[in-house]
Amino acid sequence: MTRTDDRGVSTAVNYVLTLGITTLLVSGLLLATGGVVDDRRESTTRTSLEVVGQRLAANLMSADRLAETADTRTVSLTVDLPTRIAGSGYTVRVNGSSSTLVLEADTVAATRRVSFVASTTVASTTVRGGELRIVLTPANELAVRAA
Amino acid sequence: MADLSGDDAGRGQLLLVTGFAIAVAIVALVLLLNTAIYTENLATRSVDTGESDALAYRDAVERSLWPTVSGVNGGDDVTRTERVRNASARVDRVAELNARRHLLEGTAATITNRTYHDGTRLTQTDANRTVTPAVGSNVDWPMATNVDDVRAAELNVTGGLYSTTNPAEAFSLAVRNDTGDEWRVHVYDDSGAAVDVTYPNGTTTGVCSGQFSGPPVMNLSAGTINGSTCSPLAFEEHLMPPYDTVSVRYGNRSTATYEMTVNTTVPPSDTDFENSPSATAPYQVPVVYSMHADVVYESAELTYRARIYAGPEADE
């Protein structure tokens with residue numbers, strides 16, 4: 001009587017198959033989850049940059065309203081913006097000639113452009129996001145500076 | 001529960017790592033949700049930084065300052081120091097009243113850096129007196145020089161007019177500006193009181209004759225004669241400021257009372273006007289002509305400072 005020595009084989013195959021399928025499923029799950037997180041992060045960052053940009057533009061226009069009154073000597077307006085958005089720092093590029101603010105996140109591929117309207121000349125500059133100050137310079141320009 | 005030590009140890013560790021990774025992903029999503037909620041919150045917050053309040057404060061102060069300060073110019077027997085002290089007290093009051101509403105919101109609103117501009121009111125009240133200096137017999141004389149501005153000029157001719165058909169021989173009062181242009185009003189008797197105006201430098205003539213009856217009472221700032229409009233009389237409409245000289249020619253050919261306020265302190269001659277009120281001679285009284293001040297509005301977020309003018313007309 002010949003005895004086939006294959007009793008342990010099915011266990012090993014079963015083990016390999018189980019481990020392989022589990023690894024496949026888990027990898028898929030992790031990739032999908034990671035993708036969702038990244039996607040959500042970018043989306044949240046873009047929305048936040050838009051909101052922050054709109055707030056800064058509104059304050060810039062408020063400062064302009066004050067600056068354009070007769071014989072204005074001083075305008076200084078503090079704008080309290082978040083230092084980080086969705087865990088990422090960001091920069092604000094003020095473009096006076098095109099009357100736009102360009103907000104760009106450091107670690108996420110997210111950029112937002114916000115327009116403003118001002119009668120007073122606005123100095124072009126780039127600042128880090130956070131607490132900012134809008135001031136009327138001696139040259140009668142509005143400048144956005146770090147507070 | 002996964003077996004981490006038996007035959008299924010590998011699979012159990014895999015599930016544990018997976019669970020851990022998913023937990024991290026969930027935490028990340030929760031943090032992103034928090035960011036999203038914060039963003040929503042930020043988006044719905046007011047962006048009012050108080051600029052409307054600052055402008056409202058400035059506007060309120062600008063509107064109320066001169067009506068309040070000009071009240072110190074009443075009365076004749078007051079020194080310049082007293083006028084300025086009274087004006088300062090009134091400015092304090094204006095600042096305090098207008099700041100009260102803002103103080104309740106933790107905002108400081110003040111009026112600082114005040115500059116009072118000295119003026120002089122020139123007056124003659126004796127209706128039987130000719131338009132000549134207090135001392136001396138000059139008939140052609142400058143009432144005021146370097147005046148910069150003139151306001152509330154009234155000339156009430158009471159009689160003694162020179163009979164002529166040539167205005168150049170008559171009593172006249174002239175205002176000359178810094179560029180040398182001149183506006184002049186002649187008052188004479190040409191079969192009745194006649195009032196002619198020439199400007200600038202005699203190239204244009206305006207005639208008020210026939211528009212009034214009785215002795216002419218002229219408001220040279222408003223351009224009226226006996227209450228009726230005669231626009232050539234309004235010298236400010238025909239002569240560009242700043243002004244330089246107010247002068248009289250043939251002051252002996254009319255009797256008149258007059259009053260005008262000039263934006264200067266120095267009379268051409270110490271003897272032209274008495275330094276205290278007189279019932280028989282022309283006299284000068286110090287007044288506050290106008291003022292400049294800084295309106296300052298300071299809140300936690302906003303600092304606004306602007307120079308404002310308070311005077312009877314717009315700043316020039």
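Two residues are in contact if their C-beta atoms, placed from the backbone, lie within 7 Å. The legends below describe a predicted model, in which local features need a pLDDT of at least 70, side-chain atom pairs count only at pLDDT 80 or more, and totals for chains, interfaces and linings use all residues. Residues are numbered from 1 along each chain as its sequence is written, while chains are lettered from A and ligands numbered from 1 in the order in which they are written.

**Figure 1. The overall form of chain B.** Residues 24 or more positions apart account for 68% of the contacts in chain B with a separation of 6 or more. Chain B contains 4 helices and 14 strands; helices (H or I, at least four residues) and strands (E, at least two) are DSSP runs, numbered from the N terminus. Along its principal axes, the C-alpha trace of chain B spans about 135 × 40 × 30 Å. The radius of gyration of chain B is 36 Å, whereas a compact globule of 316 residues would have one near 20 Å. This radius is taken over C-alpha atoms, and the globule rule is 2.2 Å times the number of residues to the power 0.38.

**Figure 2. Confidence along chain B.** The mean pLDDT of chain B is 88, and 95% of its residues reach 70 or more; pLDDT is the predictor's confidence in each residue, from 0 to 100. In chain B, confidence is lowest in strand 7 (residues 204-207), at a mean of 79, and highest in strand 14 (residues 302-310), at 96. For the complex, the predictor gives an ipTM of 0.83 and a pTM of 0.80.

**Figure 3. Where chain B meets chain A.** In this view, 30 residues of chain B are in contact with 33 residues of chain A. Helix 1 (9-44) of chain B is one of the elements that give two or more residues to this side of chain B, and helix 1 of chain B supplies the largest share, 15 residues. By class, the side of chain B that touches chain A has 17 nonpolar, 6 polar and 7 charged residues. Ala, Val, Leu, Ile, Met, Phe, Trp, Tyr, Cys and Pro count as nonpolar, Asp, Glu, Lys and Arg as charged, and the others, Gly among them, as polar.

**Figure 4. The two domains of chain B.** Chain B is divided into domain 1 (51-118 + 291-310) and domain 2 (126-277), with bounds that come from an automatic or database domain assignment. Their C-alpha centres lie 35 Å apart. In chain B, 4 residues of domain 1 are in contact with 4 residues of domain 2.

**Figure 5. A cis peptide bond in a loop of chain B.** The peptide bond from Pro241(B) to Pro242(B) is cis, with omega near 0°. Most peptide bonds are trans. Pro241(B) lies in the loop between helix 4 (235-238) and strand 11 (243-249) of chain B. Pro241(B) is partly exposed, because 17 other C-beta atoms lie within 10 Å; a residue is buried if 20 or more other C-beta atoms lie within 10 Å of its own, exposed if 12 or fewer, and partly exposed in between, with C-beta atoms placed from the backbone. Although Pro241(B) and Val150(B) are 91 residues apart in sequence, they are 9.2 Å apart in space, C-alpha to C-alpha.

**Figure 6. A positive phi in chain A.** Phi of Asn140(A) is near 60°, a positive value in a residue other than glycine. Asn140(A) lies in the loop between strand 7 (131-136) and strand 8 (141-146) of chain A. Asn140(A) counts as exposed because it has 11 C-beta neighbours inside 10 Å.
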